[in-house]
Amino acid sequence: MTRLTPKILNLSDGEGDQLQQLINRHNTPQQIVLRAKIIFMASEGQNHREIARNLGINRQMASLWRNRWLETEGKELSIFQRLQDQERVGTPVKFSMEQVIELFALACSPPEDYGRPISHWTPRELADEIMKQGIIQSISVRHVGRLLEEAELKPHQSRYWLTPPCGRRI
């Protein structure tokens, strides 16, 4: 049974210097340092098994980062960018931007306009009202809170938006 040798990885002088700088820098994240060491050792001719043994990782990781390095070779990326994780695909967005904007508009309006006997909106009241109006079929109270927090909206302080407390200017 013949063994496949890993693809040859040649570094330019500039790439080698930049990798060494990343390895030596104190504020480089350890994941990046480990990946830089993998690339550096691969350029010295070490195979996946040797790299794995020397760095205390598995062969698949050594193989993965050698292959990723070779895949990004012709691209306009910095050394640091080439050593970072690829974007991951997440779940699709559940709410459209229009629905989120309507939630924000609701949060900025007085609850009395909607027949709510409260002085200010809470995430629970907002979730109830937006589902009642049919803007969104289903949304959790926590998600409403997260959306408001991301937008830095504080419905309980809505009066301050119109008239700031004494001594503060908008």
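Reader: Which side chain meets Glu 15 in a salt bridge?

Author: That's Arg 82: the two side chains meet in a salt bridge, 3.1 Å from N to O. As a general idea, side chains of opposite charge can pair when their charged atoms come close. The rule here asks for a side-chain nitrogen of Lys or Arg within 4 Å of a carboxyl oxygen of Asp or Glu. Bear in mind that this is a predicted model, where local features need pLDDT of at least 70 and side-chain atom pairs pLDDT 80 or more, while totals for chains, interfaces and linings use all residues. Residues are numbered from 1 along each chain as its sequence is written, and side-chain values use heavy atoms, without hydrogens or water.

Reader: Is Arg 82 buried or exposed?

Author: Buried, because its relative accessible area is 5%. The cut-offs: buried is under 20%, exposed over 50%, partly exposed in between, with a 1.4 Å probe and protein chains only. Glu 15 counts as buried too, at 17%.

Reader: What does the charged end of Arg 82 sit over?

Author: The ring of Trp 69, 3.7 Å from its centre. For that label, NZ of Lys or CZ of Arg must be within 6 Å of the ring centre and within 35 degrees of the ring normal. Arg 68 lies over the face of Trp 65 as well, at 4.7 Å from the ring centre.

Reader: How many salt bridges does the rule give?

Author: Four. Among them, Arg 116 meets Glu 125 at 2.6 Å, N to O, and Glu 129 at 2.9 Å.

Reader: Which residues form the aromatic pair?

Author: In general, a pair of aromatic rings is described by the distance of the centres and the angle of the planes. Rings of Phe, Tyr and Trp (its six-membered ring) pair if their centres lie within 6.5 Å; planes under 30 degrees apart are stacked, over 60 edge-to-face, and the rest tilted. The count here is one pair. Tyr 114 and Trp 121 form it, 6.0 Å centre to centre with 55 degrees between the planes, which is tilted. Trp 121 is buried at 3%, whereas Tyr 114 is partly exposed at 31%.
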